[in-house]
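The following paragraphs guide the reader through one structure.

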Amino acid sequence: MERVGDDMIFEEILSRLPAKVVCRFKSVSKQWCYELSTPKFVFIHARRVGNSIQKKLLSLKENSIVVDDIVAGNLEEDTSETITFPYDVEPSFLSIIGSFNGLILLCIKRSYNELVLWNPTTRRFKMISDEYFSRYFGRHNDTGGMYFDEHNDLKVLHINCYWDVVTARVYSRHNESWRKLNFLNGTQLGSNFYSWSPGIYSDKKIYFMVSNYWIPPGERNIVVFDVISESFSILRFPEHMEVNPCQGHFLTISNKLHVIVVQYAGELIADLVKYEHDEWIKVFSFNRARIVHHMETQERTNIIQNNKWLITSIWGDTVEVVLCNDSFNYIQNVDNYNGPKGALFLETIVSPFD
């Protein structure tokens, strides 16, 4: 063991172990606890986990929080585990804002709304709210995301729409404080007519779907937040989304931004498009799209089950598509999906604390 060296033990051997095993090894000694908690080890471990085909799906049910094993995009049978939230609050009062590197960003919706940074694997959590969150949290009006800056400081982006004004703020895990960011001038995206999707991280940017279903009907926008410059911009929609009415759902596949486009044009149509080299490219059309009026208890959205894929609709319905061989093989590489009641996540030891 002396000839092997500490670097080999920690960086090449222990960094390949599952997060829960690493947590148990921290009790070996004070030195091991220190070494397994350094930013360098946490980064190496998270990077190795990120290359795995194994992920977890966290689902917020009415009275429980369920975690399922996902392997190559497929739901593993008989792996469901019910976990507890660190606060005494019903899951129905929770809303997921984002998922990033094993951390889940949630809002507790009650008389005084609170924002929580939570690692469901290690069970560690941190309240990051301030007096700003005393306003009512709306699923369609509040959103956000997470990212690491160039100094490896975890940042939490929060966007609030109130009285036609969009307020963007960013939280620093290192400084434990919030600061305000400049948002786009001359837009009406803070109106109550607009609905914001949860943010999704891809290639140092966080993307948001912002839709107006009232005036004018069907207007859609993609708002992009650059995590390097901490600035906002508007990205044009793919041509497939110019048909009214339609909706888009973000996910990342093989670390590239994708959108599932559901259109209602005489018949229900679902396409998958990806954003690459500043262009939207149609990947394929899903087979036999249909509305699902009732979901079974064991069914989950945005993962593969029985060669089918369920898409959560922001209109309140669920769309089912059938996967052929090509779409099945392609969709197996899904990396990330965020929704208000469900999100994919990795089992990491990333801490909500600095």
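A residue is called buried when its relative accessible area is under 20%, exposed when that area is over 50%, and partly exposed in between, using a 1.4 Å probe and protein chains only. The model is a predicted one, in which local features need pLDDT of at least 70 and side-chain atom pairs count only at pLDDT 80 or more, while totals for chains, interfaces and linings use all residues. Residues are numbered from 1 along each chain as its sequence is written, and side-chain values use heavy atoms, with hydrogens and water left out.

Helices (H or I, at least four residues) and strands (E, at least two) are DSSP runs, numbered from the N terminus. Helix H1 spans residues 6-13, and its residues Ile9, Phe10 and Glu11 are buried. They lie on the same side of H1 because they cover an arc of only 160 degrees around the axis, the arc being that of the directions from the helix axis to the C-beta atoms. The buried residues of H1 pack against helix H3 (30-35) and H4, where contact means heavy atoms within 4.5 Å.

A salt bridge is a side-chain nitrogen of Lys or Arg within 4 Å of a carboxyl oxygen of Asp or Glu. The whole structure holds 17 salt bridges. In one of them, lysine 40 pairs with glutamate 11, with their closest N and O atoms 3.0 Å apart. Lysine 40 lies in helix H4 and glutamate 11 in helix H1, so this pair ties together parts that are 29 residues apart in sequence. Lysine 40 counts as exposed at 52% relative accessibility, whereas glutamate 11 counts as buried at 18%.

Glutamate 12 forms a salt bridge with arginine 16, the closest N and O atoms being 3.1 Å apart. Glutamate 12 is partly exposed, at 34% relative accessibility, and arginine 16 is exposed, at 52%.

Helix H4 gives the most to the lining, with four residues.
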